[in-house]
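Let's walk through this one together, from the overall fold down to the core. Have the viewer open as you read.

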Amino acid sequence: MRLSRADTIKAKELSEKYGLDIEVIKKIISSPYDFIQKKTKELNFKDGLTREEFDKMKKNFNIPGLGKLYASYYLYEQIQKKRKKN
């Protein structure tokens with residue numbers, strides 16, 4: 001993950017404050033996002049899932065300070081409709 005300018009500045013400050021390598025700090029900052037990206041790529045949203053099948057899938061992530069990220073059944077249905085059109 002590429003850090004924003006603000007995150008890069010904060011990483012430099014933390015690196016100096018705690019005496020850690022800048023690359024270690026960058027990995028710490030990006031680790032929650034890297035984890036979510038990895039896990040969402042592992043999810044297999046098959047076509048035609050019922051509401052019950054969709055609800056059984058683990059697709060929610062809670063990131064402190066950011067909030068809860070989740071996939072809704074409504075969005076899944078909208079994507080399915082667009083796929084059928086194409």
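How many positive and negative side chains does the chain have, and how far apart do the centres of the two sets lie? There are 21 positive and 12 negative ones, with the two centres 4 Å apart. Here Lys and Arg count as positive and Asp and Glu as negative, leaving out His and the chain ends, and each charge is placed at NZ of Lys, CZ of Arg, CG of Asp or CD of Glu.

A quick word on ground rules: this is a predicted model, where local features need pLDDT of at least 70 and side-chain atom pairs pLDDT 80 or more, while totals for chains, interfaces and linings use all residues. Residues are numbered from 1 along each chain as its sequence is written, and side-chain values use heavy atoms, without hydrogens or water.

Now the fold. The chain has four helices and two strands, in the order α-α-α-β-β-α; these are DSSP runs, H or I over at least four residues for helices and E over at least two for strands. Its C-alpha trace spans about 55 × 25 × 20 Å along the principal axes.

The largest nonpolar core is made of Leu49, Phe54, Met57, Tyr73 and Tyr76, a core being buried Ala, Val, Leu, Ile, Met, Phe, Trp, Tyr and Cys residues joined through side-chain atoms within 4.5 Å. Setting aside residues up to four places away in sequence, Met57 touches Leu43, Asn44, Phe45 and Leu49, where contact means heavy atoms within 4.5 Å.

Methods. Buried means under 20% relative accessible area, exposed over 50%, partly exposed in between (1.4 Å probe, protein chains only).
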